[in-house]
Amino acid sequence: MPGRLGPGAGAPDPARNSRRRPCRDCRPARTGTGPGREALRAIRAAGPPGIAAASVTELLAAQAAALAGQGQAPHWLPRLVREHLGDLAAGSTAAVARAMGLTEAQVLAGLALVRERLRPFAAADTEPEAAAVPPADVFLYRQPDGTLEVEVPASAWFGLTVVDLSAGLPASAQAKQWLAEHELAAQRHLYQIDRRASALLRITECAVAHQKAFLDHGAGHHQPLTRTAVAQEIGLHPSTVSRAVSGKRLRMPTGAVTDLSCLFGKATAARAALQDLLTTAAPGLSSDEHLREALAGNGFAVARRTVNKYRRSLQPGN
């Protein structure tokens with residue numbers, strides 16, 4: 001499978017490599033501020049998850065966060081990588097389970113994902129059948145202090161401006177009128193671009209403020225949030241928020257690109273908890289009723305028929 005490393009002979013073990021001296025490409029870059037910082041941010045935005053990371057652990061955590069953001073790994077996997085790689089390498093799975101509030105079976109499943117899906121280097125898949133990543137409309141960056149910065153490209157971002165062409169036109173009233181009309185149309189176009197970007201920026205900043213825990217720790221920490229609630233908070237019409245969010249793509253701090261709508265919804269955390277249960281539940285304890293009771297124990301009041309609906313979407317082949 002493209003982009004995977006198996007645990008067999010010759011495959012690097014990230015849990016063991018995390019204790020080694022960081023590779024040259026993973027050492028902290030001396031960027032400071034200005035062009036160096038912008039160049040590093042551009043590399044991280046364009047490159048695969050984990051590129052230009054300050055350490056192997058940070059690189060692996062970025063890859064884990066990308067998998068979790070795509071629904072291919074539990075939401076706690078990035079924390080497991082950031083905080084407990086050394087313990088996993090030492091075989092202390094029971095201690096890790098206690099520290100993270102997981103079962104030992106979940107920790108072992110996470111370790112298997114680390115060995116199979118993470119690599120101690122940043123590389124993009126080059127298989128010809130790999131689908132191109134859709135471009136992002138909104139960019140989310142994590143600052144050194146842990147805060148999140150939202151960026152929405154506007155006219156200045158693209159270098160768009162109205163150029164003065166008066167020197168190249170004939171000195172006639174008709175030419176001046178033609179130029180004035182087209183300059184006005186261009187200015188209106190730039191105004192519309194900036195207005196839409198400003199609205200999208202406000203919407204995303206509001207949603208990110210509500211979903212900070214989700215963006216830091218994964219789907220299990222997603223907070224119920226509707227477009228109407230955001231509209232009321234920032235003073236826009238709900239239809240304006242819905243149109244602005246529809247079809248937009250968000251580049252996460254890890255480099256993964258996903259739908260901006262991931263910041264909204266009411267059932268994301270419950271679905272993530274159900275995914276964890278489906279991964280670790282014993283064969284005799286995986287009925288809809290058993291899962292409903294387990295979700296209730298985790299604080300999610302979900303009807304059995306809703307559990308069945310979520311389950312069919314999470315396991316379409318079953």
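Residues are numbered from 1 along each chain as its sequence is written. Because the model is predicted, local features need pLDDT of at least 70, side-chain atom pairs count only at pLDDT 80 or more, totals for chains, interfaces and linings use all residues, and side-chain values use heavy atoms, with hydrogens and water left out.

**Overall content**

The chain holds 13 helices and four strands. Helices (H or I, at least four residues) and strands (E, at least two) are DSSP runs, numbered from the N terminus. Of the 318 residues in the chain, 35% are buried. Buried means under 20% relative accessible area, exposed over 50%, and partly exposed in between, with a 1.4 Å probe and protein chains only. Among contacts (heavy atoms within 4.5 Å) with a separation of 6 or more, 63% join residues 24 or more positions apart.

**The sheet**

The four strands form an open sheet in the order β2-β1-β3-β4, with mixed pairing. Its edge strands are β2 and β4 (257–259), each of which pairs on one side only. Direction ignored, neighbouring strands of this sheet are turned by 25° against each other on average. Helix α7 (residues 173–210) packs on the sheet and touches β1 and β2; the direction of α7 makes about 160° with that of β2. Here axes are lines fitted to C-alpha atoms, for helices over the stretch in contact, and angles run from 0 to 180 degrees between N-to-C directions.

Two strands pair if DSSP finds at least two bridges between them.

| Strand | Partner | Sense | Bridges |
|---|---|---|---|
| β1 (residues 138–142) | β2 (residues 148–151) | antiparallel | four |
| β1 | β3 (residues 249–251) | parallel | two |

Phe139 stands opposite Glu151 in β2, and in β3 the bridge partner of Phe139 is Arg251. Leu140 has Val150 as its bridge partner in β2. Four of the five residues of β1 are buried, so that the strand is mostly covered. The hairpin of β1 and β2 has five residues between the strands, and Gly146 in this hairpin takes a positive phi near 95°.

Helix α3 (residues 56–69) has 14 residues and reaches 20 Å from its first C-alpha to its last, close to the 20 Å expected at 1.5 Å a residue. The expected span is 1.5 Å times one less than the number of residues. Because 10 of the 14 residues of α3 are buried, the helix is largely enclosed by the rest of the structure. The buried residues include Val56, Leu59, Leu60, Gln63 and Leu67. Gly71 follows α3 and has a positive phi, near 75°.

His75 is placed in the loop between α3 and α4 (77–89). With 18% relative accessibility, His75 counts as buried. Leaving aside neighbours within four places in sequence, His75 is in contact with Ala68, His217, Gly218, Ala219, Gly220, His221, Ala272 and Asp276.

**His222**

His222 lies in the loop between α8 (212–217) and α9 (227–234). At 5% relative accessibility, His222 counts as buried. A polar atom of the His222 side chain lies 2.9 Å from the backbone oxygen of Cys262. Neighbours within four places in sequence left aside, the residues in contact with His222 include Gln211, Phe214, Cys262, Phe264 and Thr268.

**The pair α9 and α10**

Two packed helices are described by the angle between their axes and the distance between the axes. The axes of α9 and helix α10 (residues 238–245) come within 8 Å and cross at roughly 115°. The contact is made by Arg227, Thr228 and Ala231 of α9 and by Pro238, Val241, Ser242 and Val245 of α10.

How values were computed
Polar contact = N/O pair within 3.5 Å; in protein donor to acceptor, adjacent residues only side chain to side chain.
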